[in-house]
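Please read the numbered points with the structure open.

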Amino acid sequence: MLLRDYVNATVGFEALAEDIQKDPKSLMRMLSAKGNPRADNLLAMVARLKQREGVSFSVTRDNELHA
């Protein structure tokens with residue numbers, strides 16, 4: 001839901017859908033409370049939003065085990 005709110009507040013579903021060549025209504029459904037986006041669609045959305053915003057992030061592994 002956070003990603004849906006972010007898209008609504010910034011680029012909008014129409015522009016994002018055009019950028020990643022998807023239907024805007026399909027993107028809205030994917031990011032709804034009952035949505036279940038495939039990894040490739042989710043990663044495409046995040047990649048395009050990162051590019052538009054000029055930001056980057058990374059995921060790293062924590063070497064410590066937490067009980």
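1. The side chains of N41 and K22 are joined by a polar contact of 3.1 Å. A polar contact here is a pair of N or O atoms within 3.5 Å; within protein, one atom must be able to donate a hydrogen and the other to accept it, and residues adjacent in sequence count only if both atoms are side-chain atoms.

2. The model is predicted: local features need pLDDT of at least 70 and side-chain atom pairs count only at pLDDT 80 or more, while totals for chains, interfaces and linings use all residues. Residues are numbered from 1 along each chain as its sequence is written, and side-chain values use heavy atoms, with hydrogens and water left out.

3. N41 belongs to helix α4; helices are DSSP runs of H or I with at least four residues, numbered from the N terminus. N41 is buried, because its relative accessible area is 9%; buried means under 20%, exposed over 50% and partly exposed in between, with a 1.4 Å probe and protein chains only. Leaving aside neighbours within four places in sequence, N41 is in contact with K22 and M30, contact meaning heavy atoms within 4.5 Å.

4. With a relative accessible area of 35%, K22 is partly exposed. Apart from its neighbours within four places in sequence, K22 has contacts with A17, L27 and N41. The C-alpha atoms of K22 and F57 are separated by 24 Å, and these residues are 35 apart along the chain.

5. Q21 also deserves a comment. Q21 lies in the loop between α2 and α3 and is exposed, because its relative accessible area is 73%. The phi of Q21 is near 55 degrees, a positive value in a residue other than glycine.

6. How do the axes of α1 and α4 cross, and at roughly what angle? The axes of α1 (residues 2-9) and α4 (residues 39-53) come within 12 Å and cross at roughly 40 degrees. Axes are lines fitted to C-alpha atoms, for helices over the stretch in contact, and angles run from 0 to 180 degrees between N-to-C directions. The two helices, α1 and α4, are therefore oblique to each other: angles under 35 degrees count as roughly parallel, over 145 as roughly antiparallel, 65 to 115 as roughly perpendicular and the rest as oblique.

7. Where α1 meets α4, the residues in α1 are L3, Y6 and V7, and those in α4 are L42, V46, L49 and E53. The residues of this contact divide into six nonpolar, no polar and one charged. Ala, Val, Leu, Ile, Met, Phe, Trp, Tyr, Cys and Pro count as nonpolar, Asp, Glu, Lys and Arg as charged, and the others, Gly among them, as polar.
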